[in-house]
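User: Could you walk me through the charged side-chain pairs in this one?

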Amino acid sequence: MKKLSRPGATVLALSVNYENPQTTRQDGWTDNSVFVELEVGRKEPVLIGIWDAAIRLGGKLLRPLGDWTEPVVSTEDDCDYFEIDVQLDHDYRLQRHFLLDMANRVLILADTVLWDGDGKRREKTLEYESSILYSPTLTPKKTAAATELAFVPPKATKPLFRVLPLGLPEWTDATTDAELTTKESNLVLRQKTTGQSLFAPMFFDLDAKRVGRPYTWRKLTVGENLQKVPDDKAVGWRVQLGKEQFLVYRSLTPMTSRTLLGHNLIDDFCYATFSPPEGVDAIVTVQQEIE
């Protein structure tokens, strides 16, 4: 079990248990046996339960071939990060990311579906759906125009936190068959791509005071050799919460030199703060070659 928190701080803690063996249920979902518990200054956790994922390639379910392993752990001054991964059939791998930034009260829960095969680039449809339980005492709030969700505690009028689905456009009129929604006290994320790999991040703003301020996120152009990189090879976003800005980047290929917002990257994963005068200030960087 992993627990990410800092003693003496305002309650903000993430516990993750992934040590149980995996099973495939009759309904076609892959139970990855990852139990997540998130505390955000309340008497009870706001997330508490299994984080499921179902991944389909050309309509066929990709099944796990083993148990979770833990390839990367990173602990900074006020930010903890770790990954777990599991091999899937058809030369795919599911990599799960957990990042808790205590200083900025940000949580990132993300899945990467990676193709480890050699040869010609795949062009099949890759479908992703995840589901994670939240406390049934919370009330989800969603506007018709936007894709994010906010969650309101009992007897409160303002949200405690919000979730931004970075892999989706901010506005619903720009989406097709991807969505962030709720079903029976589950937070459900659906994404789809035509290509070889997919990154599905959920960006949690856990600062209740900041939740009421203006916010936005934008997918950025990733460049390599003066060419735009396709989304199934690398993706990046700028997230603005009030006056604070963040950068999230994920490479879906073996490490290579790329640019994002004029910042040179050779990282597998990067989480950073950003300000126009100072530029990018990396908080967590991971350099792990995809074999």
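**Salt bridges in the model**

Analyst: Happy to, keeping in mind that this is a predicted model.

User: OK, and which residue does D268 pair with?

Analyst: D268 forms a salt bridge with R250, and the closest N and O atoms of that pair are 2.6 Å apart. D268 lies in the loop between β25 (263-265) and β26 (269-275), while R250 belongs to strand β23 (residues 244-251), so the bridge ties together parts that are 18 residues apart in sequence. Both of these residues, D268 and R250, are buried.

User: Which residues are joined into one network?

Analyst: Salt bridges with shared partners link R162, D205, R210 and E244 into one network.

User: Switching topic, what do the side chains of D111 and R96 do?

Analyst: The side chains of D111 and R96 meet in a salt bridge, with a distance of 2.7 Å from N to O. Because D111 sits in strand β11 (residues 106-115) and R96 in strand β10 (residues 92-101), this pair connects parts of the chain that are 15 residues apart in sequence.

User: And why does D111 count as buried?

Analyst: D111 has a relative accessibility of 0%, and the cut-off for buried is under 20%. R96 is buried as well, with a relative accessible area of 0%.

User: Last one, how many salt bridges are there?

Analyst: The count comes to 13 salt bridges.

Terms used: Residues are numbered from 1 along each chain as its sequence is written. This is a predicted model: local features need pLDDT of at least 70, side-chain atom pairs count only at pLDDT 80 or more; totals for chains, interfaces and linings use all residues. Side-chain values use heavy atoms; hydrogens and water are left out. A salt bridge is a side-chain nitrogen of Lys or Arg within 4 Å of a carboxyl oxygen of Asp or Glu. Helices (H or I, at least four residues) and strands (E, at least two) are DSSP runs, numbered from the N terminus. Buried means under 20% relative accessible area, exposed over 50%, partly exposed in between (1.4 Å probe, protein chains only).
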